[in-house]
Amino acid sequence: MSRQRSMEAIQTAEYVTIGELARLTDVRYSTLKFYTEEGMIPFQQPAKNLTRRYKREEAVARILGIKKMRAEGKSVPEIREMLAFRK
């Protein structure tokens, strides 16, 4: 029995895991983890649960923006700085 949620459930969920974000955005897990650690994708981590949760709509929009900036040739430090101004 699989513990993975269906894509339909993921697309309607308020919060998603990093693995689910990878499925939604077609971005590698390791890339999303790097962006998270660089402070480029905000998350919530309840004290009782060590699993990071991302607000689906906000995170997907942020990732699509990052993908666009990377396609334009911007570096990670440049993107991080641009995202800091959007907060």
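pLDDT is the predictor's confidence in each residue, from 0 to 100. This is a predicted model: local features need pLDDT of at least 70, side-chain atom pairs count only at pLDDT 80 or more, and totals for chains, interfaces and linings use all residues. Residues are numbered from 1 along each chain as its sequence is written, and side-chain values use heavy atoms, without hydrogens and water.

Q: What pLDDT does the protein chain average?
A: The average is 90, and 95% of the residues score at least 70.

Q: Where in the protein chain is confidence lowest, and where highest?
A: Helix α5 (residues 76–86) is lowest, at a mean of 87. Helix α4 (residues 56–71) is highest, at 96. Helices here are DSSP runs of H or I, at least four residues, and strands are runs of E, at least two, numbered from the N terminus.

Q: Which pattern does the protein chain follow along the sequence?
A: The order is α-β-α-α-β-α-α.

Q: Why is the protein chain called as compact as a globular protein of its length?
A: Its radius of gyration (over C-alpha atoms) is 13 Å.

Q: Why is T25 called buried?
A: Buried means under 20% relative accessible area, exposed over 50%, partly exposed in between (1.4 Å probe, protein chains only). T25 has 6%, so T25 is buried. T25 lies in helix α2 (residues 18–25).

Q: Which residues is T25 in contact with, leaving aside neighbours within four places in sequence?
A: They are L32, V60, I63 and K67. Contact means heavy atoms within 4.5 Å.

Methods
The radius of gyration is taken over C-alpha atoms; the globule rule is 2.2 Å times the number of residues to the power 0.38.
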